[in-house]
Amino acid sequence: MPPDSLPAAPVADPQTSAPPSLIALFVAFAKMSLAGFGGVLVWARRGIVDQHKWMTADEFNETFALCHFLPGPNIVNLTFVFGSRFRGIAGGIAAFAGLVGPPVVIVTVLAALYQRYGEIDALRRILAGVSCAAVGLLIAVVFRMMWPLIKRRDVVGLVVLLAVFVAIGLLRLPLASVLLVAIPLSIAITFAMRRRGAA
C-alpha cells in the first residue's frame, strides 16, 4: 500500500492532554472535593482546565452549562458527565465516588462534633469567615468562566449572561421561567450567528 494512501493518525487537541484513567479520575475529584471549601466548582475548573488540561476553557463552560440545566446538583452532574465522556459509565462512577466519598466521611465526623460543640462562639465566628471566603472564590470562578466570552468579544453571550443575572439576581424572577425563555433564545441566537458566519 502506498504511503500516501495510509489513514492519517488522529491529531490530538494541543490545548488538552490525554484522557484520564479511572484511578486518575477518582484521585483528581477526591482532591477537588477535599479542597473545595465553599464549593467544588472553583477547584473543579482549576483541576480540569488549568492543572490537568483535560478540557479547554470553552469545553468546560459548555459542559457546565449543560449540567446546569439538568436536574440535581450542578457539580454532581458535571462530575458524572465529565467522567462518562472519557471512560464511559465506569468513568462517571469513578469521578462521582471521588467527589462524594471523602467529604461524606469528613462531614459525618464534623456533624457529630458540631452537635456537641456548636454553641461555642469562636466556632461560629470561624464559620462566618469561611462563608466570606466561599463568596470570594465563587466570584473569582465566575470571572474566569466569563473570560472566554470576553476574549472572543462575544457581545451577544455577555448580554444574555447579564440579562439572566438581572432577571434572577435583581428582579427575583422564578428560575424556571427565566430558563424557559433564556435557553431557546440562546440556542436561536447561536444558530442564527453560525448560519450567518457560514453564509
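What share of the contacts in the protein chain with a separation of 6 or more comes from residues 24 or more positions apart? Such residues account for 56% of those contacts, where contact means heavy atoms within 4.5 Å.

## Model and conventions

This is a predicted model, in which local features need pLDDT of at least 70 and side-chain atom pairs count only at pLDDT 80 or more, while totals for chains, interfaces and linings use all residues. Residues are numbered from 1 along each chain as its sequence is written, and side-chain values use heavy atoms, with hydrogens and water left out.

## Overall composition

The protein chain has 7 helices and 0 strands, and along the sequence its pattern reads α-α-α-α-α-α-α. Helices (H or I, at least four residues) and strands (E, at least two) are DSSP runs, numbered from the N terminus.

The chain has 199 residues, of which 25% count as buried. Buried means under 20% relative accessible area, exposed means over 50%, and partly exposed lies in between, with a 1.4 Å probe and protein chains only.

## Helix α3 against helix α4

Two packed helices are described by the angle between their axes and the distance between the axes. Axes are lines fitted to C-alpha atoms, for helices over the stretch in contact, and angles run from 0 to 180 degrees between N-to-C directions. Helix α3 (residues 57-68) packs on helix α4 (residues 74-117) at an angle of about 125 degrees, and the axes are 9 Å apart. That angle makes α3 oblique to α4; angles under 35 degrees count as roughly parallel, over 145 as roughly antiparallel, 65 to 115 as roughly perpendicular and the rest as oblique. The crossing of α3 and α4 is right-handed. A crossing is left-handed if the near helix is turned anticlockwise from the far one by less than a right angle, and right-handed if clockwise.

On the α3 side, the contact is made by Glu-59, Phe-60, Thr-63, Phe-64, Cys-67 and His-68, which meet Asn-74, Asn-77, Leu-78, Val-81 and Arg-85 in α4. By class, the residues of this contact are 5 nonpolar, 4 polar and 2 charged. Ala, Val, Leu, Ile, Met, Phe, Trp, Tyr, Cys and Pro count as nonpolar, Asp, Glu, Lys and Arg as charged, and the others, Gly among them, as polar.

Thr-63 is in helix α3 and counts as buried because its relative accessibility is 10%. Not counting residues up to four places away in sequence, Thr-63 touches Met-55, Leu-78, Val-81 and Arg-85. Asn-77 is in helix α4 and is likewise buried, at 13% relative accessibility. Apart from neighbours within four places in sequence, Asn-77 has contacts with Cys-67, Leu-70, Pro-71 and Gly-72.

Ile-75, also in helix α4, is buried with a relative accessible area of 19%. With neighbours within four places in sequence set aside, Ile-75 is in contact with Val-40, Leu-41, Ala-44 and Leu-99. Ile-75 and Leu-99 are 24 residues apart in sequence, and their C-alpha atoms are 9.0 Å apart in space.

## Two further helix pairs

Helix α2 (residues 41-51) packs on α3 at an angle of about 140 degrees, with the axes 10 Å apart. This angle makes α2 oblique to α3, and their crossing is right-handed. In this pair, Leu-41, Ala-44, Arg-45, Ile-48 and Val-49 of α2 meet Ala-57, Phe-60 and Phe-64 of α3. The contact has 7 nonpolar, no polar and 1 charged residues.

Helix α1 (residues 22-35) and α4 have an angle of about 40 degrees and axes 7 Å apart, so α1 is oblique to α4. The crossing of α1 past α4 is right-handed. Residues of the α1 contact with α4 comprise 15 nonpolar, 5 polar and 1 charged.

## Positive phi in loops

Lys-53 is not a glycine but has a positive phi of about 55 degrees. Lys-53 is in the loop between α2 and α3 and is partly exposed, with a relative accessible area of 41%.

Arg-172, again not a glycine, has a positive phi of about 60 degrees. The loop that holds Arg-172 is between α6 (155-170) and α7 (175-198). At 68% relative accessibility, Arg-172 is exposed.
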